[in-house]
Structures are given as structure tokens and as C-alpha cells.
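Here is a short briefing on one structure. Look over the sequence and the model before reading the points.

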Amino acid sequence: MKTKIKNWAVLCMIACSVIFAACDDDKDFSYKGNLDLNLLSIKQARDLWDGTKCNVTTSIKQPLVGEEQKVDEFNYRLSLTLYQNRQATKDATVDLAIASDSLNKAIAMAGMSSAYAIYKDVELLPEGYYNFSANKVALNAGEKQSEEVELNVDCSQLIKWVQNERGKSVTFVLPVQIQNSTSYGINDKTNTIMFFFDVTYVSPEYIADGEGVPDDHELEGGYRLVWHDEFNGTGAPNTDMWRFEEGFQRNEEDQWYKKDNAEMKENALVFTAKQERVKNPNYNPNATGGNSWKQTREYAEYTSACVVAQNKYAFKYGKLVVRAKIPIEQGGWPAIWSTGNWYEWPLGGEIDFLEFYKNKIHANLCWGGNKRWDGSWNSANYPITDFTSKDAKWAEKYHVWMMDWDEKYIRIYLDDVLLNETDLSTTYNKGDHGAGEGGYINPYSNDLEGFGQLMMLNLAIGGVNGRPIEATFPLEYRVDYVRVYQKK
């Protein structure tokens with residue numbers, strides 16, 4: 001899903017991951033049988049309050065190639081009410097303040113309690129990037145709700161600052177609080193609303209320089225866009241570019257692949273894994289052999305989807321860029337990968353730009369090993385906590401995987417961080433072992449015309465690497481775009 005900011009009242013998402021009231025550890029908020037109805041609240045905070053928090057999170061970034069160029073500003077209206085929307089019997093005014101001290105307490109607690117993990121590495125939104133239409137709010141006698149005060153945040157300037165000065169993604173927080181009531185008491189649980197602004201830094205080569213994705217778009221170093229899919233439509237992806245796999249496929253995975261489980265919506269290709277039973281039309285309880293698992297299962301208990309690039313989109317050398325949001329629940333196995341368009345596996349090579357299973361991010365290369373259907377691997381894996389410990393909302397965001405491939409090296413990056421580097425002088429196959437061909441080539445560094453890698457995107461469930469299955473279904477995996485660049 002691209003960040004297309006059209007209506008902030010719609011796009012502001014409620015974040016459910018912080019206990020703000022607990023910042024004031026010297027206050028006892030437990031109910032003791034005497035409920036004071038004469039308590040003022042921020043109406044929007046009261047509406048969000050679920051017993052622990054009242055937050056709003058907004059994600060903004062510089063538009064990428066293929067995205068709309070407009071970045072609307074953040075506008076939010078705040079008002080004042082009494083408990084249970086009661087009518088005021090007397091006039092009351094409060095000050096609208098920025099509760100920076102309370103935010104600093106929460107930031108200090110971020111490394112001490114999981115309840116405050118969302119505050120790790122956040123910063124107070126600086127003055128100059130926001131303004132209020134008024135600094136006092138008045139609730140008049142006879143009214144149930146005050147006039148609204150508008151909060152405006154200059155998102156375009158905030159993006160420019162992050163892009164030009166900070167050079168990295170930043171989460172800003174604006175803690176808006178009511179203080180100094182003239183008449184009524186203030187409800188300490190809903191006296192503050194926390195506005196989180198996730199501002200994503202975008203590498204300059206991916207920033208849009210016009211509408212759409214020009215076919216001659218270039219990256220630094222002379223790399224030209226040769227094919228891509230932005231998944232901006234609706235329904236099934238482009239059949240000229242992609243085909244669907246069906247049924248059981250590999251790795252003893254538990255899902256049955258169906259084309260209905262992947263569709264373009266909200267400017268992304270969305271894979272949805274479901275817990276549902278499907279009758280196996282190839283069921284044979286007496287089947288034997290290496291792939292007998294595809295037949296001895298009478299039913300599949302899960303469904304999902306896998307798409308494979310059509311053969312004319314095979315590529316060799318260049319840069320591959322994929323932006324995706326992956327599920328990280330145990331049992332899910334999202335992947336961005338490719339296999340050679342010639343020769344049996346693994347003689348054509350396999351590149352795993354992304355695999356996630358058993359709580360780790362994997363980046364791998366595979367080529368022919370010492371026996372048939374046995375691979376030589378250069379693998380790298382990273383515990384998901386390497387990422388979520390730095391950003392508690394990591395799994396809620398899109399991330400960019402990139403492969404840089406020339407005749408000497410393949411390098412795989414995640415958000416510009418190197419995950420795997422493979423020296424291609426080491427990737428020759430070690431014989432065909434009966435396969436008949438491809439046994440002594442280097443699948444990654446060669447001059448074979450027409451030979452290359454075919455992209456695959458899928459969300460597997462379970463299997464030899466994904467079990468046990470503990471995820472909550474349905475499970476979603478979103479791919480924003482796939483772009484392949486090669487030198488002129």
C-alpha cells in the first residue's frame with residue numbers, strides 16, 4: 001500500500017500499543033467506588049480510550065516513483081466534553097499544552113518496560129512544524145461539547161527536514177494535553193492524546209520525479225528501469241507478467257495455492273492466507289516417493305497464493321527493488337525469491353531476497369551441490385528482534401529489499417542494510433549427478449543468452465521450515481511494487 005495522503009481524518013490509524021496514563025506513576029487511577037462525573041476530557045482521547053491508551057498514528061513519506069505527488073497536510077480537530085457527554089452546568093476553560101515532560105518520562109521508560117516499547121527512539125515534534133487554531137478550549141454552560149480547536153502539522157516541511165537534514169526515518173510524537181481547568185476537574189486518563197508521526201526517509205534514487213513510472217527511469221550508475229509492476233489496479237495481477245501456482249508445490253508446505261488468495265487492492269498485491277479446508281483432487285493414500293506428501297494428504301487445511309513471473313521477464317544482472325510489508329507470526333513463510341528459468345533445481349540457481357520463518361529474516365543463494373537435488377548454500381539470517389527492538393512497529397510498515405547483481409557479486413539489502421554478499425567465483429555447480437545438463441555452469445555469472453532468474457512472490461504456511469503453525473488467520477502479506485533495473 002502506497003502512502004497516498006488524501007483525507008487525514010480517514011487515514012489516521014489508531015495505534016494500540018502504549019500505556020500513556022502509566023507515565024504518571026505517582027497517581028492511582030483505580031476505581032474505588034466513587035465516580036466523579038464532573039471530569040473534563042478531550043473528546044477524541046475519550047473516544048480512543050480503551051483502558052490504557054489514546055493514540056493516533058500517521059505515516060508520511062516522500063512520494064516514490066509511481067505514486068501521487070501530493071502530500072496533504074495533517075489536520076485534526078479537538079474538542080472538550082464532560083464525562084458521559086453530560087451537559088455543562090457552568091462555563092469552563094482549559095489550556096491546550098504540549099506535555100513534553102510526560103513524553104520524556106515515557107521515553108525514559110522505553111528500555112525498562114515492554115509497555116513503553118513504542119517510545120523507543122521517538123522524538124518530540126519540534127515547534128515550527130505544527131500550530132493550533134487556539135491555545136484555550138472553552139466549554140460553555142448548557143453545551144455538551146466545546147467548539148473545536150484545529151491542530152495542523154506541516155507534513156511537507158517535516159518530510160523535507162527528514163530527507164535533507166536527518167537522512168534517516170524518524171518517529172515524532174506530539175503529546176497534546178488539557179490543563180488548568182477553571183471550573184471542572186480533569187480526567188487524568190483522557191486528558192492527553194498522543195499523535196505519532198512516522199516519517200520514512202526515502203533514498204533519493206527512489207523518489208518520484210514526475211507522474212507515473214517512466215520506462216526510461218534511471219538510478220545512479222546508469223541503471224535503467226527494464227520492467228516493473230506497481231500493482232496499482234484491482235483484481236488479479238497482470239497475466240502477461242505473472243502466472244499463479246496451484247495446489248501443493250514444495251517444502252511439504254501446508255497451504256493449498258489458489259489464485260483467489262492474491263489480488264491487487266489499495267495499491268498493493270495482497271496475499272491472504274486463510275485457515276480453510278480444501279479437498280485434494282490428487283489424494284492417493286498409497287502414494288510413495290519423494291513427493292508423495294502431495295498425494296497422501298486428503299485435505300489441505302490452509303490456502304494461500306504464489307505468483308511467478310512469466311519466462312519473458314527472466315533477468316540477469318542489475319538491481320531488483322521490492323517494497324513489501326510482511327507478516328511475522330509463527331507459521332507464516334512470506335518470500336521474495338527467484339529460480340533459474342533453465343535446468344532443474346538447484347542447477348539454475350535460487351536467490352532468496354527475503355524469507356521469513358521461525359522468527360528470522362533470511363537472505364540466501366543456492367546452486368548445485370554434491371548430489372542431485374542437493375544445494376550449496378550461502379545463507380544469512382537475522383532474528384526478527386534485531387529489527388523490532390529498534391522499531392516496535394517494524395511489522396506494521398513497508399520495507400525495501402534490494403539485490404545488486406553484477407558478474408562478480410550478488411548483494412542483498414534490507415532498507416539499505418547489507419544482509420548477504422556472495423562472491424560469484426564460488427558459485428559453480430558441482431556436477432549434474434544425472435540431471436543431464438547444467439551441471440558445471442555458474443548460474444549467476446555466465447554469458448548464456450536467454451538464461452536468467454524468474455521472480456516469485458508467495459506466502460507459504462507451515463512446511464519444513466514454517467511449523468508449528470501458531471499464526472492468527474487470515475494472514476496478509478503485501479507487495480507494493482517490483483522493479484528491475486539494468487545498465488544501458
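Which residues are exposed on the other side of helix 4? They are Asn-164 and Glu-165. Exposed means over 50% relative accessible area, buried means under 20%, and partly exposed lies in between, with a 1.4 Å probe and protein chains only.

This is a predicted model, in which local features need pLDDT of at least 70, side-chain atom pairs count only at pLDDT 80 or more, and totals for chains, interfaces and linings use all residues. Residues are numbered from 1 along each chain as its sequence is written, and side-chain values use heavy atoms, with hydrogens and water left out.

**Helix 4**

- Helix 4 covers residues 155–166. Helices here are DSSP runs of H or I with at least four residues, strands are runs of E with at least two, and numbering starts at the N terminus.
- Cys-155, Leu-158, Ile-159, Val-162 and Gln-163 are buried in this helix.
- Seen down the axis of helix 4, its buried residues fall within an arc of 130°, so they line one face. The arc is taken over the directions from the helix axis to the C-beta atoms.

**Nonpolar cores**

- The largest nonpolar core has 53 residues. Such a core is a set of buried Ala, Val, Leu, Ile, Met, Phe, Trp, Tyr and Cys residues joined through side-chain atoms within 4.5 Å.
- Strand 30 gives the largest share of this core, with five residues.
- Met-455 and Leu-457 have the most contacts inside the largest core.
- Leaving aside neighbours within four places in sequence, the contacts of Met-455 include Trp-227, Trp-242, Phe-315, Trp-337 and Phe-353. Contact means heavy atoms within 4.5 Å.
- A second, separate core has 40 residues, among them Tyr-76, Val-162, Ile-186 and Ile-193. Val-162 is also one of the buried residues of helix 4.

- Three strands form an open sheet in the order 4-1-11, with mixed pairing. Two strands pair if DSSP finds at least two bridges between them.
- Strand 4 (80–82) and strand 11 stand at the edges, each with a single partner strand, so one side of each has no neighbour in the sheet.
- Strands 1 and 11 run parallel and are joined by two bridges. Leu-39 has Gly-185 in strand 11 as its bridge partner.
- Ser-41 lies in strand 1 (residues 39–42). Ser-41 counts as buried because its relative accessibility is 2%.
- Beyond its neighbours within four places in sequence, Ser-41 is in contact with Arg-46, Ser-79, Leu-80, Thr-81, Ile-178, Asn-187 and Thr-190.

**Backbone points in loops**

- The peptide bond from Trp-345 to Pro-346 is cis, with omega near 5°. Pro-346 sits in the loop between strand 22 (332–340) and strand 23 (350–357).
- Arg-467 and Pro-468 are also joined by a cis peptide bond, with omega about 0°. Pro-468 is in the loop between helix 7 (463–466) and strand 30 (475–487).
- Asn-180 is a residue other than glycine with a positive phi, near 60°. Its loop runs between strand 10 (170–179) and strand 11 (185–186). Asn-180 counts as exposed because its relative accessibility is 52%.
- Asp-416, also not a glycine, has a positive phi near 70°. Asp-416 is in the loop between strand 27 (409–414) and strand 28 (417–423). With a relative accessible area of 48%, Asp-416 is partly exposed.
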